[in-house]
Amino acid sequence: MLASLAEFWDDMKLELMALGSDYKLPRTFRKVDEAKRKARAELTKFGWDTLGYSEDFKLPPVKDTILRIDCEELTVDEFREKYERTRTPIIITGLTKNWQANEKWTLERIARKYRNQKFKCGEDDDGFSVKLKMKYYHDYMVNNIDDSPLYIFDSSFADRHKTKQLREDYEVPKYFEDDLFNYADSKKRPPHRWFVMGPARSGTAIHIDPLGTSAWNTLIQGHKRWVLIPPNAPRDIVKPLSHEKGKHPSEGITWFNTVYKRVRSPGWPQEYAPIECIQGPGETMFVPAGWWHVVLNEDHTIAVTQNYCSIENLHLVWPKTVKGRPKLSKHWLKRITAERPELLPIIRECSENGINDMNDSSSDSSSSSSSSDDSSDDDDSGCDREDQGSCSGTTRKRKISGTMKCEEQCPEKTSRSHEKESCA
Ligand SMILES: O=C(O)CCC(=O)C(=O)O
Ligand SMILES: [Fe+2]
């Protein structure tokens, strides 16, 4: 009786709150509330908009220091030699010229076409995906005032019947086509592509992408603020200090409110000098293996990102895969031996050298996407970009020791993820 009375009052409270909210659909408040309780239970009492960032959070003017090159002026070989081999971040422009995403990926069209499809916008404490129907997410996205809003980071869009059309709206740019993970069984390979959509203040905390992979990230709508820090920077100096973490320890906005100030101060070591920029629509960011990076959406953004292994980062990916995904590495090696024997010397050499220390300071820990709030967040075993369907044999993800990943793949690793993090 008491329980049902309590439930009744909770229900009434929700109804009243829903009435007071700015959402357009009658069920948005309830659906979003449910998703929030699962994705970030710790905020239920504290509140999602308590810090008032929607009113007063402002980024300082950007010091845009990234090199931009038009794809018409950059051959695949040149990209390899000048940027991939040297692990230099760049923005490539012009790649989306013929993409249908230009017309199809507007907020309104996505919200209409996929209105009843569910997209992943978080993970619960057990590592299971938290999803919202697009119609509710869209209503939330355009009307929320949250400090660090829910963010769609969905890696199964291309595998679901009703959303796989999204995969046809973009092309993998020529520079990234030769993804050696294509030689891994598609069911076993780690999640590697994400449809990404979120409002201002959503973003990704500082991390290094998993398994030694590099990434490309193409923005279709809106603006993303990026800061990239060289691989040799120690994790302790690139992550917020314990007392700076507050209620949003693993959020991009917390980094921009804390570490960013130090990064921009004259005392920041030159050897860790960041590369910063605002990425605009039609621009493709190349994030080389091992680079720390953090992203904050400045307005409503829609993007696609993929992680990959190429001939240039195979020496980094291979030892991490052997360690973190031994089963995958065995059958991957068989296919490479049969179909790309010219790669074997690279594999042999990096195996002989043992674990290749790509990150100098962070290979023993390091983060990886969206990171989490303490040392347990780190990537580098390679398991941070989560996702369902990726853990060979399992259909859902498990969260281990406070972070997300595929249990089977990388039991020793941990890392929280609301997005692209787990096992690329
Ligand atoms: O677009 C973003 O939020 C950044 C994505 C990212 O860094 C990642 O997916 O690893
Ligand atoms: Fe990343």
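Reply: **A helix contact, close up**

Thr 28, Lys 31, Val 32 and Lys 36 in α2 touch Tyr 136, Asp 139 and Tyr 140 in α8, where contact means heavy atoms within 4.5 Å. Helices (H or I, at least four residues) and strands (E, at least two) are DSSP runs, numbered from the N terminus. A quick word before going on: this is a predicted model, local features need pLDDT of at least 70, side-chain atom pairs count only at pLDDT 80 or more, and totals for chains, interfaces and linings use all residues. Residues are numbered from 1 along each chain as its sequence is written, chains are lettered from A and ligands numbered from 1 in the order in which they are written, and side-chain values use heavy atoms, with hydrogens and water left out.

Back to the contact of α2 with α8: its residues split into three nonpolar, one polar and three charged. Here Ala, Val, Leu, Ile, Met, Phe, Trp, Tyr, Cys and Pro count as nonpolar, Asp, Glu, Lys and Arg as charged, and the others, Gly among them, as polar. The axes of α2 and α8 come within 9 Å and cross at roughly 90 degrees. Axes are lines fitted to C-alpha atoms, for helices over the stretch in contact, with angles from 0 to 180 degrees between N-to-C directions. So α2 and α8 are roughly perpendicular to each other (under 35 degrees is roughly parallel, over 145 roughly antiparallel, 65 to 115 roughly perpendicular, the rest oblique).

Tyr 23 and Tyr 140 make a tilted pair, 6.5 Å centre to centre with 45 degrees between the planes. For such pairs, rings of Phe, Tyr and Trp (its six-membered ring) need centres within 6.5 Å; planes under 30 degrees apart are stacked, over 60 edge-to-face, the rest tilted. Tyr 23 sits in the loop between α1 (2-20) and α2 (28-39) and Tyr 140 in α8 (residues 134-143), so the pair ties together parts 117 residues apart in sequence.

Now for another helix pair. The axes of α13 (residues 314-324) and α15 (residues 344-352) come within 9 Å and cross at roughly 60 degrees, and α13 and α15 are therefore oblique to each other. In this contact, Leu 314, His 315, Trp 318 and Pro 319 of α13 meet Ile 346, Ile 347, Cys 350 and Ser 351 of α15. By class, that gives six nonpolar, two polar and no charged residues.
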